[in-house]
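User: I am new to this structure and would like to go through it step by step. Could you take my questions in turn?

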Amino acid sequence: MAKQIEVAGLDAYYGSHKAIEGISMTIEPRSVTAFIGPSGCGKSTFLRTLNRMHEVIPGARVEGKVRLEDQDLYGADVDPVSVRRTIGMVFQRPNPFPTMSIFDNVAAGLKLNGRFSRSELDGIVEDSLKGANLWNEVKDRLGKPGAGLSGGQQQRLCIARAIAVRPQVLLMDEPCSALDPISTLAIEDLISQLKQDYTIVIVTHNMQQAARVSDKTAFFNLAAQGQPGKLVEMDETSKIFTNPAEKATEDYITGRFG
Amino acid sequence: MTVQTGIQPISAARRAKDRFVQVLVYLAFALAVIPLLSVLWLVVKNGMGRFDMEFLTHSMRNIGARDAGGGAYHAIVGTLEQVLLASLIAVPIGLLTAVYLVEYGEGGRLSRTISFFVDVMTGVPSVVSGLFVLAFWILVLGMPFSGFAGALALSILMMPVVVRSAEEMLRLVPRELREASYALGVPKWRTIVKVVLPTAFTGIVTGVMLAVARVAGETAPLLLTVFITDSINVDPFNGPQMGLPLYVFDQAGRPTDTAIDRAWTGALTLILIVMLLNLVARLITWWRSPARRR
């Protein structure tokens with residue numbers, strides 16, 4: 001199920017502004033890859049290029065190659081909708097659909113894409129909620145609105161919603177930055193479980209979090225304000241945090257800047 | 001010795017200013033409400049007299065100039081049909097226009113042009129839309145005076161209101177919700193139909209009701225397109241119809257007290273119908289709202 005992502009020479013633009021430049025990396029399957037770096041360095045932009053979410057912003061475009069196994073995601077005949085179905089995403093702020101119940105939120109990706117029988121849906125929703133460690137908390141109120149849950153629960157609901165469509169890769173854009181430490185812990189535990197089945201990429205501002213959950217870490221930086229962000233280095237997480245190859249990485253993780 | 005913190009009591013001048021502005025605000029509110037209440041009071045007081053079963057179930061057919069009795073059944077039917085038809089035309093077009101402006105236009109030349117003309121349409125006097133339908137639909141195409149012609153004129157007036165209010169509501173739907181849907185691999189059109197529109201539903205209904213309320217009381221365009229009749233005509237596509245605003249206009253112009261009374265009751269009925277429609281809309285939005293399931 002989990003697949004490898006290979007990125008080569010990727011640039012991303014907002015209109016004429018180049019946000020990231022020349023990024024190449026390989027993201028291994030069944031592992032957690034963390035992106036760290038100062039604000040505005042293009043981590044989130046890069047993450048969004050991996051499932052073609054970047055281009056939904058008016059004027060935004062991408063150059064370069066992203067390959068999922070052998071398929072070029074930016075090929076001329078590739079449907080961005082099916083890319084997003086294959087590569088799921090969890091956002092910074094929990095964003096359950098306010099008009100839908102907990103059940104419908106989890107089933108949204110399936111219901112909006114095709115026909116499933118009620119029993120199939122029941123099964124998938126239960127599996128997804130269990131997968132997101134939320135089942136026990138909500139099983140008695142699946143018909144209640146998703147917006148009535150706490151922030152941490154909402155974020156796990158969004159994760160359940162993302163894994164319900166059975167993606168091969170799960171992208172997480174600062175999934176814990178709006179959550180309290182206990183909810184954060186719950187999400188981190190969940191990430192460790194999910195990497196058994198998925199390729200996970202997580203953007204985080206919290207370096208302890210990167211160190212705790214990830215197998216590999218990529219450090220992004222930008223030369224100056226207004227300059228495009230670049231990948232400084234990427235390596236095993238333990239190496240990045242103990243003995244990075246680049247001076248900039250060391251400065252950042254030791255808190256000398258950013 | 002007390003320590004000087006630099007924190008001071010509110011000065012007398014600021015207190016006075018605060019009082020002054022407060023009084024002004026309340027005065028302005030009272031001024032705005034007085035005409036509203038007085039109109040309501042007058043309509044209820046003068047309209048209650050003839051607000052009876054006969055009024056609601058009979059037309060003006062065979063009611064002589066000096067006769068008492070008679071009713072507005074034909075006008076009520078006409079108004080309901082005309083407003084319904086106008087809504088059927090204006091709401092889909094207006095809603096689709098708003099969807100285009102918000103979801104697809106992206107500030108391009110076409111969407112700016114549309115926005116401009118919607119603004120222009122908002123300012124069109126109602127009689128002009130009636131004249132347009134009279135000139136185009138009735139004189140050039142040779143169609144008869146009918147409820148449908150009136151509905152066409154009313155829909156021209158409704159459209160910009162629907163577009164503007166729906167546009168506002170669609171813009172209020174957070175970007176994150178659209179992105180959440182895209183990220184699940186849902187195509188854009190399904191995102192709009194299943195996520196954006198339901199989220200904005202309550203606001204859109206309110207906007208549509210405002211538009212309905214606005215056109216339900218229009219007289220001038222109906223005068224030019226629906227004409228006037230004293231008989232019941234339930235077919236909005238053929239022959240002159242009546243409408244409550246027309247009925248009020250017609251009866252108020254007659255010299256007898258009984259006719260004037262009927263005009264007041266017609267106005268009361270119109271207000272009640274608009275209120276009733278609003279109530280129905282509230283019920284729909286309440287029934288659809290997630291809060292109900294909490």
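User: Which radius of gyration does chain A have, and why can it be said to agree with a compact globule?
Analyst: In this predicted model, the comparison starts from the length of chain A, which is 258 residues.

User: What does the C-alpha trace of chain A span along its principal axes?
Analyst: The chain whose trace is described here has ten helices and ten strands. Taken along the principal axes, the C-alpha trace of chain A spans about 55 × 45 × 30 Å.

User: What percentage of the residues in chain A are buried?
Analyst: A residue counts as buried if 20 or more other C-beta atoms lie within 10 Å of its own. Among the contacts in chain A with a separation of 6 or more, 68% are between residues 24 or more positions apart. Of the 258 residues in chain A, the buried ones make up 49%.

User: Why is α3(A) described as largely enclosed, and which helices are included in what covers its buried residues?
Analyst: Eight of the ten residues of α3(A) are buried, so this helix is largely enclosed by the rest of the structure. The buried residues include A:Ile102, A:Phe103 and A:Leu110. What covers the buried residues of α3(A) includes three helices of chain A, namely α4 (118-131), α5 (135-138) and α6 (151-164).

User: Which element gives the most to the side of chain A that touches chain B?
Analyst: Between the two chains, 28 residues of chain A are in contact with 19 residues of chain B. On the side of chain A that touches chain B, at least two residues each come from α2 (80-86), β6 (87-90) and α3 (102-111). By class, that side has 13 nonpolar, ten polar and five charged residues. The element that gives the most, with four residues, is α2(A).

User: Where does UniProt place the feature "domain: ABC transporter" in chain A, and which residues of chain B does it list for "domain: ABC transmembrane type-1"?
Analyst: Both features come from unreviewed UniProt entries. The chain A span is 35% helix and 27% strand, with its end C-alpha atoms 27 Å apart, whereas the chain B span is 79% helix and 0% strand, with its end C-alpha atoms 19 Å apart.

Notes
Residues numbered from 1 in each chain as written. Chains lettered and ligands numbered in written order. Predicted model: local features only at pLDDT ≥ 70, side-chain atom pairs only at ≥ 80, totals over all residues. Contact = placed C-beta atoms within 7 Å. Nonpolar A, V, L, I, M, F, W, Y, C, P; charged D, E, K, R; others polar. Rg over C-alpha atoms; globule rule 2.2 N^0.38 Å. Buried ≥ 20, exposed ≤ 12 C-beta atoms within 10 Å, placed from the backbone. UniProt positions renumbered as here; feature names shortened; annotations may be inferred.
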